[in-house]
Amino acid sequence: MTVMTPAPIPQEDEEMLVPHSDLVEGPQPMEIVAEVDASNAPDNQPVEDPETSRFTWSIENFSRLNAKKLYSEIFNVGGHKWRILIFPKGNNVDHMSMYLDVADAATLPYGWSRHAQFSLAVVNQIHNKYSVRKDTQHQFNARESDWGFTSFMPLSELYDPGRGYLVNDTCVIDAEVVVRRVVDYWAYDSKKETGFVGLKNQGATCYMNSLLQTLYHIPYFRKAVYHMPTTENDTPSASIPLALQSLFYKLQYTDSSVATKELTKSFGWDTYDSFMQHDVQELNRVLCEKLEDKMKGTVVEGTIQKLFEGHHMNYIECFNVDYKSTRKESFYDLQLDVKGCRDVYASFDKYVEVERLEGDNKYQAEQHGLQDAKKGVLFTDFPPVLQLQLKRYEYDFMRDTMVKINDRYEFPLQLDLDRENGRYLSPEADKSVRNLYTLHSVLVHSGGVHGGHYYAYIRPTLSDQWFKFDDERVSKEDIKRALEEQYGGEEELPQTNPGFNNAPFKFTKYSNAYMLVYIRESDKEKIICNVDEKDIAEHLRVRLKKEQEEKEIKKKEKAEAHLYTIIKVARDGDLLNQIGRDIYFDLVDHDKVRNFRVQKQMPFNLFKEEVAKEFGVPVILQRFWLWAKRQNHTYRPNRPLTPLEETQTVGQLREVSNKVHNAELKLFLEIEIGLDMCPVSYPEKTKDDILLFFKLYDPEKEELRYIGRLFVKAMGKPIEICTKLNEMAGYAPNEEIELYEEIKFEPHVMCEPIDRKSAFRSSQLEDGDIICFQKSISERSEQLRYPDVPSFLEYVHNRQVVHFRGLEKPKEDDFCLELSKLHTYDDVVERLASQLGLDDPSKIRLTAHNCYSQQPKPQHIKYRGVDHLSDMLLHYNQTSDILYYEVLDIPLPELQGLKTLKVAFHHSKKDEVSVHIIRLPKQSTVGDVINELKTKVELSHPNAEIRLLEVFYHKIYKIFPPNEMIENINDQYWTLRAEEIPEEEKNLGPHDRLIHVYHFTHDSAQNQTVQNFGEPFFLVIHEGETLAEVKLRVQKKLQVPDEEYAKWKFAFLALGRPEYLQDMDVVSNRFQKRDVYGAWEQYLGVEHTDYAPRRPYSANQNRHQYEKPVKIYN
């Protein structure tokens, strides 16, 4: 699947796919493998058709729902019970959250799982094409019994009645669920079943996986990659050629799915890039360009061009004079139109379609002036491997966003580009080359414009057998699934939802082909060549075989793990090396000590001989202590092994020492060192002896270190060992020292003074306890940051290095500050202000970090909105070390009491727009906004009146009444426009009408919907006024030249359908309604070409965050 949990994602409508309980913010070059011999491959098992169902859920009184979450009725698909789960007000986010839920999860048997591919949608009840739909797939189980989208769609859009998602306060939710019965999904072995292995998904890299599999299965390309020069000194994570060679080798010779992390690291990608879904077409171009560059000067230079490069000729030819202009261009792939084309041939027909240049569009021919001409494209040659990118996306001017084209679009198994006597070929083309192609692979996208899932259908050897490469899983598929089911379009399904009629209905298929790869018949023997080990460099074979051997060893160790115990042996040297460097609390990090992998049946006495060889300590001088985890969560040596225990096996000892079921035995090896620094016999231990460990603290250096251990008598007193401790510390024998017991450190540090005159037993000291000591505190202690052990340990426990980043550059660290987790909000901003040289810390605004998306959270931290730094860094169950900051022009408390609006003011006399930031108290009204705006803008006259409008997708949705409170106005998704009220609108007669006038384009031949653009406006029309009279006033208002204005058409539009008007038509007859505020109401449309740049000003016409471009940095 596209996105695995936990992961980031982060752009609008492209969020984490997650179980709802996790509360995560947010739910593809060339080559070949040694061919799989069909005769040796497993028999092709029949593919069972999946069971598909659609469920519709109408929720009435939606805006008045008080429940935090809501479940639908239960419906059945694939013999399983399902239901929809929604959070109408968001699952701790400002988006509606929606998930598919296994309805009977609580009663299913242990170990259950089921796999479903599904889409969820909020239906737009006015314009169905604007319904919000998202697709994913998931393996449901007891731990993840629901799956979906935490940030499904913004609440501001959902609850806006003008958008069409709530009609009569009813919300309609649609679900399509496909359940394919899979026997033991997780135990499926792709290599065994198909002879091929898949690629692991890093989070959102299915687009890359589908492309890599396609390129890998072009053997000529794979061979060229193997022949790119690399050396044994290269590292895959820093070399794209080596990383790709490694990946291809593993795809060819390993038995399990292959990771792509080395390859993406070689691209220079970080974790965030791996969780950002990109365009497979773009990645294909960027990767091939990068490989082409890397191949220069090598034996495989020119491979990319040989395989993928074709040429076409752009021409312009005059009809009446002897003049022709041509320009030859190369291509690596062809972009074919899907919209308005039934199949690939229709797209090619359109590609070479001749355009006539005549009338106002004549061609300026050199020396001949303006001439009637024809313009077109013809192909001079096609490449051996033809990559066809299907234009499944287009820009929707009405919504100012990209939309996906899911129309039916057919593609043949064999593609003849010589058809109709070579109608696609230029006269210069080599007619001896037969351009007959056979389909090699079909890349599929399932989902919408903001995300989805990619996979590929491939015929590696161009045989009749197709394979589906879906991330880690490879399966055999039939030709129908690879071709016909990827055409797109609509499919008819029976209605199975109780309470609705059972008539068949059609639904849009959101899975369809997105890229096609064809191989020319005459070149297929060369392209589908044999690739074996002799094509792979010796150093690469050695490196990868070694990796494989290590992997096999680990696999074997894992399989035999139940026969072994890991013994971790800590010694004084480990404590000395770690305390004060890696750790400060407890005694040792057991993961950093010497460990032994020992058979459980080995007698412990025999193990001691291994230790003797390893450490050079005779068996007789070794004494081992068991560690114990105490109730306060500390971990200390507890007691030495008894002679009887040392006769037992390692496995028996592990069971004695560790009640928790794991394969480790942790021991402390006590070795006594004599004056000559050689091991000597350890002292006898009686019940009255206590083993204590000692740490020394230096408050001036702020250092803590381990200095050794001592046995003390239970009834002895600490004062009796002070001289010995001074000797161990290198102090004078009579140095005054303070002693503290380190008791625990979670959740809070507990370190208490020890009474030097009380017996050790009276102080409840026992084996394994830790005593920290220091010189007695002097008068100079006031100058020290941490004068005693408790204050130092408190500091260490709570210290936090925070990486601060400017909010405008969220990927770059500005600086780091060492802070305390206990710092208050004020402490943090004061330290930050000091670092920035800022006098007023209240002008700093902080934003927390999203650990999954690796981006700033959408909501800022409110002034004193959290108690401590630790709260700022917490993101669900993870802790970050990143904070974002920005410096405001006014103090944050003041800003939080204000409402900030971005208003675009349209000047009445000048063709200009100025954008103004208005900040007013939240209790202010629209009238207050207008008064504030008057102080900032140039008015046509002092008494001019201003109104405030809401504009969305080039339509006026609302005129704000002056008394409306501004607190609830949201300018995030639409534009606030201010303008002077024309005098004629102030004095409307009884029969006058104030109507909307919108600019639009419309291509009826292409069956396009109306697409609005430009700035909408109001116009007064009078009773009996003809269109000719209205046109004169519109021309004057817009100041359009006569020549251009003559091309404009006027139409009456209701619900998006244009009815064109003639000059003598009486306009007022069409507009009988007096209400001018309805978003989808009737309007007067002006049809003409949009010559203006797309964004004349940046006043929030659209806030969609498009994905960043694919970049390969190395």
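Strands (E, at least two residues) and helices (H or I, at least four residues) are DSSP runs numbered from the N terminus, and two strands pair if DSSP finds at least two bridges between them. Within this pair, Met 313 stands opposite Lys 328 in S12.

The model is predicted, so local features need pLDDT of at least 70 and side-chain atom pairs pLDDT 80 or more, whereas totals for chains, interfaces and linings use all residues. Residues are numbered from 1 along each chain as its sequence is written, and side-chain values use heavy atoms, with hydrogens and water left out.

Now widen the selection to the open sheet of 4 strands, whose order is S12-S11-S17-S14 with antiparallel pairing. Strand S12 (324–331) and strand S14 (355–357) each have a single partner strand, so one side of each is left without a neighbour in the sheet.

Next, select strand S2 (51–59) and strand S8 (132–141), the edge strands, each pairing on one side only, of another open sheet of 4 strands, which has the order S2-S10-S7-S8 and antiparallel pairing. S2 is joined by 9 bridges to strand S10 (residues 171–179), and the two run antiparallel; Glu 51 has Val 179 in S10 as its bridge partner.
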